[in-house]
Amino acid sequence: MPGNGDPHGPENGTGPVIELRSLTKRYGGTVGIERLDVSVAAGEVFGLLGPNGAGKTTTLRCLVGLLSPSDGQVRVLGLDPVADHRRLAPSIGYLPGELRLYPELTGQQTLDLLAALQGAPVPRQRELCDRLTLSRADLARPVGEYSRGMKQKLGLVQSLQHQPPVVVLDEPSEGLDPLVQETFYELLAEETAAGRTVLLSSHVLPEVQRTCGRVAIVRHGRLVTVRSVAELRQARARRVRLLFADGRGARPLGAAERWSPRWDGSRVELLVPPDEVVPAVRTLLAELPVADLTVEEAGLDEAFLDLYRANDDQLPTDGQPPTDGRPSTDGRPPTEEPRPDTEEGP
Amino acid sequence: MTPSTVSRRLPLVWLALHRRRRMLLSLLLGVVVFETLIVVIAGTVPPGDLFGAGRRNPPGAFRAFSGSNGDVSIASYPGLLGAGLTHPFWIALQLTVIGSLGAAAVASDVESGTIELLMTRPVSRRRLLAERTGALIAASVALNAAATLTVALGVAFSPKLRDAVPEGAVFTAGLLGCALAFCLTGPVLAVSALSRRRAHVVGAAVVFGAVGFALNFVALAWSPARPLRYLSPFHYYAPGDVLGHGGVPWAALGVLTGVGALGLLAAFRLLERRDLAI
């Protein structure tokens with residue numbers, strides 16, 4: 001239970017903390033999410049990645065019991081978020097994406113109200129307020145006078161103050177200034193170190209790259225892939241930069257033209273698949289007057305954009321089949337083979 | 001931390017009433033002033049003089065304004081006091097409370113998105129609606145109590161009114177007012193439990209009140225429409241008759257509370273099934 005050091009909450013088993021099986025949510029004729037399969041193990045920081053409208057918020061709302069699935073199954077700590085709401089809710093800390101607060105209440109009243117509804121002690125309230133720089137004077141002011149960032153800080157405090165074993169955060173760093181963002185990342189690291197499970201949605205790729213072990217990428221309500229961040233980055237194209245010694249500028253690159261060259265004077269940048277980097281570099285060095293050369297691992301943003309640019313009927317272009325979102329048993333980034341019942345990416 | 005002002009036992013009741021405390025105080029003040037005015041007029045101007053120098057009887061449909069289904073004319077002391085408890089101004093005050101707190105029960109929080117903070121706590125949907133219903137009933141009872149006490153004080157201090165109104169009838173009329181409020185509250189809460197817009201709930205409260213009042217008036221004024229009066233809550237809310245003849249209208253109280261209870265039951269069932277986010 002929250003606050004007592006039990007990271008697994010109501011169902012203290014060894015299974016996944018969060019499990020979505022063929023989760024589908026329709027709004028009339030509109031599909032919010034379709035056949036989403038994701039599993040999150042205890043102690044993971046798991047990212048749900050996608051642009052606005054991809055279905056991230058709908059997924060999180062199903063997880064916390066605000067929405068009933070149209071089809072499929074949701075289990076958090078082995079419980080159904082809608083049917084077992086009262087048993088499960090003490091173990092969840094939730095930060096909504098569009099945080100709405102009662103403008104007439106002060107910050108302190110808001111925290112006290114939510115703590116009263118939580119019905120549990122809030123041992124971290126003061127500490128969290130201090131670390132997120134919410135002073136007593138700030139907390140004495142009506143929330144209606146708060147800036148966006150201050151509201152977000154209050155939202156973070158209310159989601160963590162009762163030390164829940166499962167934390168669900170929808171766009172958590174929206175509106176936070178860089179200093180507070182750093183504190184937030186520290187808090188996330190502490191949550192993980194304490195064995196708590198964090199599921200966060202974001203469209204801020206550097207944030208996901210920094211905080212998450214694994215990510216699920218969703219597009220138009222469907223799962224594109226679930227991978228570890230390291231895998232995604234490793235599998236994506238390398239950025240090869242060349243500087244030519246002759247100063248002639250753009251020129252034909254022969255076979256290398258297929259790697260989308262971007263010219264800037266005598267410099268060119270290529271995005272080369274990882275298994276072709278070595279032969280490509282050999283060929284370029286042999287055929288062209290190269291004065292300087294760098295090879296960089298691509299960031300998560302390139303990986304994400306590659307997956308997003310892929311047609312709906314294509315597999316991800318990294319040559320690996322998409323996974324079904326299940327973590328390895330120790331909660332580390334997965335290395336598993338695809339399963340026969342896998343919900344594959346489009 | 002500073003000492004909390006938030007009720008830990010009934011936080012949702014506290015929230016609903018705290019956010020609307022200024023509005024509720026204004027409405028309480030308004031009803032006290034209005035009923036005082038009615039009592040002062042009734043006590044100082046003979047009711048017959050208010051309705052024409054020729055002492056003509058007012059039209060029968062005017063009984064709708066005196067809160068009577070029988071023989072209590074608005075041109076009488078009980079009729080005039082009944083008019084104070086059936087006047088559109090008083091009804092509007094009741095509807096303001098019912099519409100505002102009815103919308104706050106569920107629909108307002110869904111529309112604003114604050115429901116996401118409340119209902120991700122270990123709070124059942126039944127508890128949400130039960131606490132919000134409690135807040136609405138408390139506010140309605142307070143409003144009716146203010147009106148009843150004002151009229152009761154006026155009757156106590158005016159010999160003419162005291163002679164015309166049976167003992168205890170004012171409090172029975174107040175009880176009937178609470179039953180009317182509950183009758184309107186149930187269906188309004190059902191709309192709130194189903195809707196995601198505050199305006200739908202406020203609109204429903206106005207429609208239930210205004211259409212009900214109009215239906216009763218038309219049924220009294222136009223004999224072919226007379227059977228329709230049974231469909232109006234105002235047919236059962238007859239404070240003029242209570243103030244004129246005394247007694248407790250058990251059947252009317254039963255109908256009004258029964259309709260309210262059915263609406264409330266529907267509200268609980270509807271809320272169990274709905275999604276709580278847009």
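Visitor: Which residue in strand 8 of chain A is the bridge partner of Leu49(A)?
Guide: That's Ile217(A). Keep in mind that this is a predicted model. Ile217(A) sits in strand 8, residues 214–219 of chain A.

Visitor: Why is Ile217(A) called buried?
Guide: The cut-off for buried is 20 or more other C-beta atoms within 10 Å. Ile217(A) has 25 of them within that distance, so it counts as buried.

Visitor: What makes strand 8 of chain A "mostly covered"?
Guide: Six of its six residues are buried. Arg214(A), Ala216(A) and Val218(A) point one way, Val215(A), Ile217(A) and Arg219(A) point the other way, and all are buried.

Visitor: How do you know that strand 3 and strand 8 of chain A are paired?
Guide: Two strands pair if there are at least two bridges between them. Strand 3 (residues 45–49) and strand 8 of chain A are joined by four bridges, and they run parallel. Here's a related closeness: the C-alpha atoms of Ile217(A) and Gly50(A) are separated by 5.8 Å, though the two residues are 167 apart along the chain.

Visitor: And what joins strand 8 to strand 9 of chain A?
Guide: Six bridges, with the strands running antiparallel. The cut-off is two bridges, so this counts as a pair as well.

Visitor: Why is the pairing in the six-strand sheet of chain A called mixed?
Guide: The strand order is 5-6-7-3-8-9, in an open sheet. Strands can pair either parallel or antiparallel. In this sheet, strand 3 and strand 8 of chain A run parallel, whereas strand 8 and strand 9 of chain A run antiparallel. Strand 6 (residues 166–170) and strand 7 (residues 197–202) of chain A give another parallel pair, over five bridges. There, Val167(A) stands opposite Val198(A).

Visitor: Which helices lie across strand 3, strand 6 and strand 7 of chain A?
Guide: Helix 1 (residues 56–63) of chain A lies across these strands and strand 8 too, at about 150 degrees to strand 6. Helix 7 (residues 178–193) of chain A lies across strand 3, strand 6 and strand 7, at about 145 degrees to strand 7.

Visitor: What is the order of the four-strand sheet in chain A?
Guide: It goes 11-12-10-13, an open sheet with antiparallel pairing.

Visitor: Why are strand 11 and strand 13 of chain A said to stand at the edges?
Guide: Each has a single partner strand, so one side of each is left without a neighbour in the sheet. The twist averages 20 degrees from one strand to the next. For strand 13 of chain A, a partner is strand 10 (residues 238–244), antiparallel over six bridges. Phe244(A) stands opposite Val290(A) in strand 13. Helix 10 (residues 277–287) of chain A lies across strand 10, strand 12 and strand 13, at about 10 degrees to strand 10.

Visitor: Where are the domains of chain A?
Guide: Domain 1 covers 18–232 and domain 2 covers 237–297. Their centres, taken over C-alpha atoms, are separated by 43 Å.

Visitor: How many residues of each chain are in the contact?
Guide: Chain A gives 28 residues and chain B gives 24. Helix 3 of chain A gives the most to its side, with eight residues. By class, that side of chain A has 14 nonpolar, seven polar and seven charged residues.

How values were computed. Residues are numbered from 1 along each chain as its sequence is written. Chains are lettered from A and ligands numbered from 1 in the order in which they are written. This is a predicted model: local features need pLDDT of at least 70, side-chain atom pairs count only at pLDDT 80 or more; totals for chains, interfaces and linings use all residues. Two residues are in contact if their C-beta atoms, placed from the backbone, lie within 7 Å. Helices (H or I, at least four residues) and strands (E, at least two) are DSSP runs, numbered from the N terminus. Ala, Val, Leu, Ile, Met, Phe, Trp, Tyr, Cys and Pro count as nonpolar, Asp, Glu, Lys and Arg as charged, and the others, Gly among them, as polar. A residue is buried if 20 or more other C-beta atoms lie within 10 Å of its own, exposed if 12 or fewer, and partly exposed in between; C-beta atoms are placed from the backbone. Axes are lines fitted to C-alpha atoms, for helices over the stretch in contact, and angles run from 0 to 180 degrees between N-to-C directions. Domain bounds come from an automatic or database domain assignment.
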